[in-house]
Amino acid sequence: MWSLQNLLFTICIALICVTSAVGVIHVTGYLGSKVEISCSYGPGYQSYEKYLCRNDCDDSDVLITTSELTKNKYKTHDDKTARIFTAIISDLHSTDAGKYWCGVSKNWNDIYTEVKLELVPDSCCDSVTKVESYAGYSVSFSCPYESSYQNNLKYICKGTRPSICLQQALITSDNRENPRFSLDDEKMSTKFTTKISSLTQSDSGRYLCGIQRNSDLHLFCAFELKVKDHCCDTVTNIESYEGYSKSINCPYENQYRNSLKYICRGNRPSTCLQRALITSNNRENGRFSLDDEKTSRIFTLTISSLTQSDSGYYLCGVQTNSDHDVFSAVDLKVKEWCCVRSTEITGTVGHPLTLQCPYPRQHRDNRKFLCKGDHRNSCRDMVMSESRFALRDDIYSSSFSVMITKLEEADAGTYWCGSDSRWRVGNYTKIQLSVEFLQHTSTVPSTVKTPGKTVPPTSENLVKTQTSTMKALGKTQTSIMKALGTTQTSTMKALGKTQTQTPGQPVKDAALYVPFTVPPVLLLLIGILVVVVYKWKYHKVKEDEAIVDRNAPKAKGLEEVMGAMDNDIYGNQEVMMYSKKQTSKQQSACAQYEDEDEEQDYENFTTSEDIYCNENFHLANRK
């Protein structure tokens with residue numbers, strides 16, 4: 001019986017509690033953040049204790065009361081004037097979601113308000129609008145909202161956490177000025193627009209536009225801003241050659257037909273218009289010209305007389321009414337104009353020199369020429385203007401030669417030889433001619449330099465040859481002088497002995513022996529000298545012939561030494577005969593070089609081959 005009465009009492013209390021509950025409050029919070037639960041109460045309960053509880057609100061289910069203010073992660077605040085009790089829950093976890101009760105203590109008849117807490121991730125948003133701009137420019141993005149929120153607070157922050165966006169707001173509708181940020185609330189079109197000026201790369205990132213709501217989560221939309229310091233992601237690569245003209249085509253959309261167009265160097269859009277090479281308002285500027293084809297929606301920049309310094313990035317810009325202009329990028333590469341081949345040659349002043357130039361077989365009927373100048377556009381035709389230059393065309397070998405009959409110091413410089421008057425790339429040879437002077441008369445001719453192979457007579461070889469020759473001459477002279485001294489001493493001793501043995505005879509009788517003694521001795525000495533010189537020269541000739549076969553330029557040093565011998569005291573005719581013999585060998589070698597392998601392949605002309613032949617000097621042993 002007693003138990004039945006207790007059950008009825010409990011049911012009665014439960015019915016009273018339920019009927020005392022005032023509506024249901026829905027609250028949404030962000031995981032990891034905090035949430036405020038606010039419950040209003042009626043007049044007359046200002047002095048009563050309020051509390052927050054869960055489940056059945058037993059003593060163990062009470063989380064915090066107004067008498068405690070703070071307990072664990074809970075806080076309370078009772079605004080008795082507004083009659084609002086507020087409980088704050090921080091560091092929210094998924095287990096914190098669910099049903100709560102705001103309670104007002106009243107003897108055996110507490111007043112309860114039901115609260116349902118929903119938790120969502122602290123991030124935004126499913127849809128993100130991407131915006132791009134360039135450093136130094138400005139950017140704007142608009143955030144729409146419903147008309148019911150026209151008078152609500154608007155704000156913008158940088159980041160992805162809605163829970164702290166308002167606290168970290170860069171600007172709000174209540175404070176619309178911030179050095180680089182501005183906010184304009186267009187209530188008629190139900191959107192607010194934020195503008196960021198003087199962009200830097202550090203401005204890149206996620207931005208949230210927020211609208212405050214008092215009873216629920218704030219409303220947000222997200223923007224992803226990318227600030228680039230250069231343009232562009234897509235670059236068009238074009239190539240040309242020195243001295244040519246090149247056109248750069250820049251397409252644009254139909255809406256920009258009447259907009260200003262311009263081109264600048266570099267990849268900085270923020271300063272492109274200020275540094276523009278040319279604009280559609282000023283279409284001529286030295287080597288640059290601009291043509292706007294509005295029908296095809298393409299404007300074209302033409303650069304004439306290209307140089308390698310014109311290589312680099314160019315931006316095509318179209319001025320717009322928005323925060324930044326529209327750009328496209330071009331990378332121009334200007335290649336060196338010349339050549340099939342570049343070569344160097346050195347000639348001797350006063351001597352003839354022959355230059356040989358190949359050409360394509362299809363140019364056999366073209367006019368061939370050799371001109372001189374630092375650049376092909378300003379060179380002088382030497383065959384037409386100088387009688388010392390003679391051109392001979394060999395159509396069978398697809399090459400022509402130009403002979404300079406007597407080289408002068410002023411002939412040094414850059415030469416261009418070719419067979420195409422239009423100066424198209426790939427049909428020319430660039431020649432760098434140097435001249436030198438000979439200190440001694442010699443039949444050794446010019447020294448030809450080609451890339452990868454140089455065959456000049458070295459000073460080291462000349463010094464070695466001259467040193468060995470002078471040593472041999474010195475030894476011979478020393479031996480001859482010793483022989484003469486020995487003979488003279490023996491003769492004087494013989495005369496002295498004769499004088500001593502016949503002291504009573506006059507001196508002139510002793511002198512009669514001299515004509516009979518001296519001539520045989522002198523003849524003997526001359527014979528010895530001739531044999532020594534002949535053997536030395538025969539050995540030297542054999543040695544020098546071997547040296548000439550190994551390295552033809554060494555002949556120059558030997559001839560100079562032989563020339564010195566010819567001017568000295570010996571005057572040996574065989575020395576001059578030997579010099580002539582070597583000269584004839586060189587001339588025959590040159591003739592053999594010209595006749596051998598005359599057919600040349602223009603396509604393979606880039607290899608380092610010996611193509612130049614001086615009339616007085618050829619390689620005696622072609623490799």
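Reader: Which strand gives the most to the lining of the largest pocket?

Author: Strand β1 does, with six residues. Please keep in mind that this is a predicted model.

Reader: What makes β2 part of that lining as well?

Author: Strands β1 (24–30) and β2 (35–40) each supply at least two residues of the lining of the largest pocket. The pocket itself has a volume of about 730 Å³. Its lining holds 25 residues, and the closest to the centre are Glu36, Arg213, Asn214, Asp216 and His218.

Reader: Let's turn to salt bridges. Why is the pair of Lys154 and Asp185 called a salt bridge?

Author: The side chains of Lys154 and Asp185 meet at 3.3 Å, N to O. A salt bridge needs a side-chain nitrogen of Lys or Arg within 4 Å of a carboxyl oxygen of Asp or Glu, so this pair qualifies. Lys154 lies in strand β12 (residues 154–158) and Asp185 in strand β15 (residues 181–186), so the bridge ties together parts that are 31 residues apart in sequence.

Reader: What makes Lys154 and Asp185 buried or exposed?

Author: The cut-off for buried is under 20% relative accessible area. Lys154 has a relative accessible area of 0%, so Lys154 is buried. Asp185 has 11%, so Asp185 is buried too.

Reader: How do you know that Lys228 and Asp233 form a salt bridge?

Author: Their side chains meet at 3.8 Å, N to O. The limit is within 4 Å, so the pair of Lys228 and Asp233 counts as a salt bridge.

Reader: Why is Asp393 called partly exposed?

Author: The relative accessible area of Asp393 is 30%. Buried means under 20% and exposed means over 50%, so a value in between makes Asp393 partly exposed.

Reader: Which residues do salt bridges that share partners join into one network?

Author: Glu132, Lys228 and Asp233 are joined in this way. A search of the whole structure finds 17 salt bridges.

Reader: Where is Thr129, and how do you know that Thr129 is partly exposed?

Author: Thr129 has its place in strand β10 (residues 128–134). Its relative accessibility is 39%. That value falls between the 20% and 50% cut-offs, so Thr129 counts as partly exposed.

Reader: What is Thr129 in contact with, leaving aside its neighbours within four places in sequence?

Author: Thr129 is in contact with Ala222, Phe223 and Glu224. Thr129 and Cys221 are 92 residues apart in sequence, and their C-alpha atoms are 8.5 Å apart in space.

Reader: Which peptide bond is cis, with omega near 10°?

Author: The bond from Cys124 to Cys125 is cis. Cys125 is found in the loop between β9 (111–120) and β10.

Reader: What is the phi of Asn55, and what of Arg297?

Author: Asn55 has a positive phi of about 55° although Asn55 is not a glycine. Arg297 also has a positive phi of about 55°, and Arg297 is not a glycine either. Asn55 sits in the loop between β3 (50–54) and β4 (62–65), and Arg297 lies in the loop between β24 (288–293) and β25 (298–303).

Reader: Why is Asn55 called exposed but Arg297 partly exposed?

Author: Asn55 has 54% relative accessibility, and the cut-off for exposed is over 50%, so Asn55 counts as exposed. Arg297 has a relative accessible area of 34%, between 20% and 50%, so Arg297 is partly exposed.

Reader: How many helices and strands does the protein have?

Author: The protein has seven helices and 37 strands. Buried residues make up 39% of its 623 residues.

Technical notes:
Residues are numbered from 1 along each chain as its sequence is written. This is a predicted model: local features need pLDDT of at least 70, side-chain atom pairs count only at pLDDT 80 or more; totals for chains, interfaces and linings use all residues. Side-chain values use heavy atoms; hydrogens and water are left out. Helices (H or I, at least four residues) and strands (E, at least two) are DSSP runs, numbered from the N terminus. Buried means under 20% relative accessible area, exposed over 50%, partly exposed in between (1.4 Å probe, protein chains only). On a 1 Å grid over the protein atoms alone, a cavity is a set of points where a 1.4 Å probe fits but cannot get out, and a pocket is an open set with protein on both sides within 12 Å along at least five of seven lines; lining residues have an atom within 4 Å of a point. Grid points are joined across faces, edges and corners, and a volume is the space filled by probe spheres set on the points. Contact means heavy atoms within 4.5 Å.
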